[in-house]
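Biologist: I'd like to learn how to read a model like this one. Could you put it up and walk me through some features?

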Amino acid sequence: MQIFSKDKTYGFMKLSPVTLAISIILLLGSFTLMFTKGLNYGIDFSGGTLIQVQYAKPIALDTIREAISKSELFKDATVTHFGSSEEVVIRFLSSTASLEANLESSITQTLKDTGSFEIRRVDMVGPKVGDELRIKGLTALLISIGAILIYIAYRFEWRFAVSSVLALTHDIIIVIGAIILFNIDVNLDILAALLTILGYSLNDTIIIFDRVRESTHEAKEYNLNEVIDYSVSRTLSRTTLTSLTTLFVVATLFFFGGEIIKGFSFTLLVGIIIGTYSSIFIASPLLSRFGFNIRTYREKEIAKQKRRLEKEKLRAQFEKGIV
Amino acid sequence: MRKGAVTYRLIVFLVALLFGVGFSIPTLFQTDKGSKITLGLDLQGGLHMLLGIESEAAIASQMKNIASNIKFFTDDENILIDSLRMSEERVSFELLDPDESKNIEKMLKKIEGIVVSNDGQIYQIKLTEEERKRVIEYAINQAVETIRNRLDQFGLAEPSVARQGAENILVELPGIKSAQEEQRARELIAKAAHLQLMAVDEGRKDQAYKMSDKEAASYGDVIYKDARNEEHRHLLQAIPILDGSMLTDARVAFDQMNQPVINFTLNSQGAKIFGDFTGKNVGNHLAIVLDEKVYSAPVIKERIGGGSGQISGGFSIQEAHDVAIALRSGALLAPIKLLEKRTIGPSLGADSIKASLVALISGFIAVVSFMIIYYGLAGIIANIALIVNILIIIAAMALFGATLTLPGMAGIVLTIGMAVDANVIINERIRELLRIGASVRKSVDQGYQNALSAIIDANITTLIAAIALYAYGTGPVKGFAVTMSIGILASMITAILGTHGIYNFLMSRIEKNPNTSLWFGIKRG
């Protein structure tokens, strides 16, 4: 079985003005969301308390809101359903530093008239910890992007590195836009998902770039756009196949993985789609726009090769004792 | 028929297979022996806490120690001093007899990490900056040890107490099953368990109800409440005769009224101080103070040798039990504060396991059938590599004693999607060569060679991201990074070496019947 024609070369580069325009619109949209609505930090990063309660019967949120309105502890609390109408999450910004404070019993006491329930989860994060986690998370993101940049520049060329990192940043920003748009609480697991997308999207880009690098050596012409189109077309079935299998498993995670992991799998779902799109339509056109030139690249490679050969020759002569 | 070629690739793969099967058996079948993967708190339920210490209090307690030392020394040597005071910043006293200054300075020199300044007869003692750091560092380590000791004796399954970062302590209690139990565990950790034997200020004790704390401090006294009756107050000399650091044992016992009490034993130094003090103070009161509450203040009838005492104070049996544990495991040098707490009910954990297993299995079936439909027998070979890959992840995690968390499960699910990627790349390369009419043997060997650079570069960059996740992530994020890294490394063995080895082994058979539609899902060009 095969999906794409075996030797047809598709004209991706012709589409690049359109796709770049689409990406710019998506990026602008994400930035607008970031600066207007902003990220909805969960308690991992903002600090605060989260209580997950499961009732025996479906429960109206107003019943709970009324019950907790009398208690000072739950000041400014938000109440939402969690996955089903029996399950409720109460969130508020305050947290207690006292080890002996019996939060569970105050919750039980406050909610005792709302029906029969079970407290399934209580998370409390102090404000200092939240700050620390946020800084650590950002550091992780920046350091890994930096390390990747260096690695690709070493293995390929700086234009490859810059293009792939820009494509990567593009993916992350658009995914963040989607996270804001769909009101997903940003907790540690979302950070993990973002870093996974980073790795995944890069994977895709590198496979294509690897093919570009290879074709550059073999191409009879010096037309970069043709080389890129050829390389993207040759890797297209791999790109599609891997994206589909990964999308399959992430979709099962999203639909069957349970409520707790929903934000995580949603982020991955969006990220894989955007990552695949950017590898094909953004990273390679960027390479061309940064002025990557096959002729000079090859000349450089040949010069490198020559230097190496000369060194080897010298060494051989030295070892033979001629010099 | 010619026998298949056994190459080093196949051997490496078989060794990896044996490793994967062997070490994943304990986990998969939950055998009694062998190392298994432990489930994270988010999957099995339990209590996770990040604790910090109040470092100012650790400093204050060190100052108190220094003051106690000075008092003991001057009492012992009969050196007269007055207005011995202490605060977080400094300890100060006035030497009444200037002739003794040499003696006292010699003694002060022996105390490490302090700066002494004197203005005539007034001595001021401060801690050096390094000493302050050392004291805090020591207090954190001591807190980790103490909490671990207490929880070990509490009787929960697998408590884990570890230092995290420069000043935090991570406590994980998977065994907690109820809110009451959790409350008790937290109270046990929080207990300062600071036992002090203190002298009652006999001269002023009648003014205890009139005096403010500040006023008491000006006499070098403190006011503590009674443990049984909050209204009842005791005026005590602030610098204790001795404290719980000299305690060697504490046990629950029952008194004549069959009430639970705690019997404690002091070490030899404590016993000597206790004996000396009681000998000199017959007729006076001695207060037994635990965590700044006075449990009893009996009259000293005679010198008490042997170094043992009793705390009675209307404990319940459970309370007495917990107090004795806390005393035995030592006092906390500084109060503990709660920075982060996560409680996961066991039912929620079970739901999460169920949900992620469903995702794992359905994702697995989808990928496996997809590969067979698309690539034919080559898909089956890739699937074998995938299964071995999963087994290796399980085995490696079990061997490292890693914890499987919900994000870790997600990492495995994701690995399933990504692990076949290498084989997809290889198979595409093989197909390309078959299409231009290369022989099967050449297509396979050349295909692997062509695919290698892309796979290696892609894996290394993903690994870089995983390492960053591990280095800067906490808890669950770390778990995710671990499963993903192991998955990537294992896929290098299974997907690249393993499948190649299988092709090498089967090559003569493929060449005999080169039906490439069956083997690779396409016709040869």
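**Reading strands, helices and the interface**

Modeller: Gladly. Let's start with a pair of strands: in chain B, strand 3 (residues 81–86) and strand 4 (residues 90–95) run antiparallel and are joined by 4 bridges. Keep in mind that this is a predicted model.

Biologist: How should I read strand pairing in general?

Modeller: The strands of a sheet pair through backbone hydrogen bonds, and they do that in either a parallel or an antiparallel way. In this case, B:Asp82 stands opposite B:Glu94 in strand 4 of chain B.

Biologist: And how many residues join strand 3 of chain B to strand 4 of chain B in the hairpin?

Modeller: The hairpin between them runs through 3 residues. There's another hairpin to look at, made by strand 7 and strand 8 of chain B, again with 3 residues between them. In its turn, B:Gly165 has a positive phi of about 65 degrees. Strand 7 (residues 160–164) and strand 8 (residues 168–173) of chain B pair antiparallel over 5 bridges, and B:Val161 sits opposite B:Val171 in strand 8.

Biologist: On to helices. What do I look at when two of them pack?

Modeller: Packed helices are described by the angle between their axes and the distance between the axes. Take helix 12 and helix 13 of chain B: their axes come within 8 Å and cross at roughly 135 degrees. Angles over 145 degrees count as roughly antiparallel and those from 65 to 115 as roughly perpendicular, so helix 12 of chain B is oblique to helix 13 of chain B. The crossing of these two helices is right-handed.

Biologist: Which residues in helix 12 of chain B meet helix 13 of chain B?

Modeller: Among them are B:Ala422, B:Ile426 and B:Leu433, and the residues they and their neighbours meet in helix 13 of chain B include B:Val444, B:Tyr448 and B:Ala451.

Biologist: Now the two chains. How many residues are in contact between chain B and chain A?

Modeller: On chain B there are 66, and they touch 63 residues of chain A. Elements that each supply at least two residues to chain B's side include helix 6 (179–190), strand 18 (336–344) and helix 10 (346–375). Helix 10 of chain B gives the largest share, 15 residues. Sorted by class, chain B's side has 40 nonpolar, 15 polar and 11 charged residues.

Biologist: Which strand of chain A is joined by bridges to strand 18 of chain B?

Modeller: That's strand 4 (residues 117–125) of chain A, running antiparallel to strand 18 of chain B with 5 bridges. For a landmark, A:Met124 has B:Lys341 as its bridge partner.

Biologist: Last one: how is chain A divided into domains?

Modeller: Chain A has domain 1 (12–40 + 130–292) and domain 2 (48–125), with C-alpha centres 39 Å apart. In chain B, the C-alpha centres of domain 1 and domain 2 lie 53 Å apart.

Note on methods: Residues are numbered from 1 along each chain as its sequence is written. Chains are lettered from A and ligands numbered from 1 in the order in which they are written. This is a predicted model: local features need pLDDT of at least 70, side-chain atom pairs count only at pLDDT 80 or more; totals for chains, interfaces and linings use all residues. Domain bounds come from an automatic or database domain assignment. Two residues are in contact if their C-beta atoms, placed from the backbone, lie within 7 Å. Ala, Val, Leu, Ile, Met, Phe, Trp, Tyr, Cys and Pro count as nonpolar, Asp, Glu, Lys and Arg as charged, and the others, Gly among them, as polar. Two strands pair if DSSP finds at least two bridges between them. Axes are lines fitted to C-alpha atoms, for helices over the stretch in contact, and angles run from 0 to 180 degrees between N-to-C directions. Angles under 35 degrees count as roughly parallel, over 145 as roughly antiparallel, 65 to 115 as roughly perpendicular and the rest as oblique. A crossing is left-handed if the near helix is turned anticlockwise from the far one by less than a right angle, and right-handed if clockwise.
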